[in-house]
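Q: Please take a close look at the helix packing in this model. Which helices meet, at what angles, and through which residues?

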Amino acid sequence: MAHIPDGVLSAPVLIGGAVLAAGGIVWALRSLDDAAIPKAGIMAAVFFAGSLLAVPIGPSTVHLIFAGLMGILLGPVTFAAVLVALLLQASMFGFGGITTLGINTFNIAAPAVLAGLIARPILARTISTTMRSVVAACAGGGAIAGTALLVSLSFALSGSEYTPIASVMAVTYIPLGIVEAAITAATIGFLSRVQPSALPA
């Protein structure tokens with residue numbers, strides 16, 4: 001449940017998340033150029049559509065995030081793409097929340113950007129499609145692991161009563177991480193073969 005709803009988290013966690021997300025948005029806007037806008041729009045739409053399909057696992061639900069893929073293709077601009085998609089989901093479908101918009105943006109975008117910062121230089125130096133797919137898989141799975149950690153931490157910091165739930169929720173992200181690793185690897189491998197110019201140089 002990367003889309004934490006309103007009325008669950010404590011005020012300090014909400015405020016801290018909003019401040020961190022605002023910093024990420026400033027970074028994204030400073031990194032955004034004309035050439036990146038169409039790509040950011042496409043990835044925001046992919047995230048918007050994919051994350052609406054939630055699958056129940058245990059006491060929680062999981063859904064595709066495409067975090068590693070966004071981090072590789074967009075870099076810091078991922079913060080802006082995630083914020084726009086989350087705002088539309090919350091206002092149109094009540095998916096997530098308005099007061100949690102900042103913390104949800106940070107929990108999803110920060111691990112994605114970190115994974116991208118690590119993977120992008122490696123991908124730029126790697127010629128082999130197979131190796132690029134391996135690096136992309138690590139980025140995809142790693143970004144989900146980061147989101148799972150941050151979501152669990154958000155609950156744990158909001159109250160001791162959420163600690164058991166936070167532990168269980170972290171486990172539910174394991175199958176999602178495997179799926180996202182496979183999707184990220186397949187997508188980057190495909191782009192490497194047919195449109196290598198789409199990958200970070």
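**Helix packing**

A: Helix α1 (residues 11–31) and helix α5 (residues 101–125) cross at roughly 45 degrees, and their axes come within 8 Å of each other. Helices here are DSSP runs of H or I with at least four residues, numbered from the N terminus. Axes are lines fitted to C-alpha atoms over the stretch in contact, and angles run from 0 to 180 degrees between N-to-C directions. The model is predicted, so local features need pLDDT of at least 70 and side-chain atom pairs pLDDT 80 or more, while totals for chains, interfaces and linings use all residues. Residues are numbered from 1 along each chain as its sequence is written, and side-chain values use heavy atoms, without hydrogens and water.

The angle makes α1 oblique to α5 (under 35 degrees is roughly parallel, over 145 roughly antiparallel, 65 to 115 roughly perpendicular, the rest oblique). The crossing of α1 and α5 is left-handed (the near helix is turned anticlockwise from the far one by less than a right angle; clockwise is right-handed). On the α1 side the contact (heavy atoms within 4.5 Å) uses V13, L14, G17, A18, L20, A21 and W27, and on the α5 side G102, I103, T105, F106, V113 and L117. By class, these are ten nonpolar, three polar and no charged residues (Ala, Val, Leu, Ile, Met, Phe, Trp, Tyr, Cys and Pro are nonpolar; Asp, Glu, Lys and Arg charged; the others, Gly among them, polar).

With helix α4 (residues 78–93), α2 makes an angle of about 40 degrees, the axes lying 9 Å apart. The pair α2 and α4 is therefore oblique, and α2 passes α4 in a right-handed crossing. From α2, the residues A40, A44, F47 and F48 take part; they meet A81, V82, A85, L86, L88, Q89, M92 and F93 of α4. Eleven nonpolar residues and one polar residue make up this contact of α2 with α4, and no charged residue belongs to it.

Against α3, α2 packs at about 175 degrees, with 11 Å between the axes. These two helices, α2 and α3, are therefore roughly antiparallel. Here α2 contributes K39, A40, M43 and F47, and α3 contributes L69, M70, L73 and L74. The contact of α2 with α3 comprises seven nonpolar residues, no polar residue and one charged residue.
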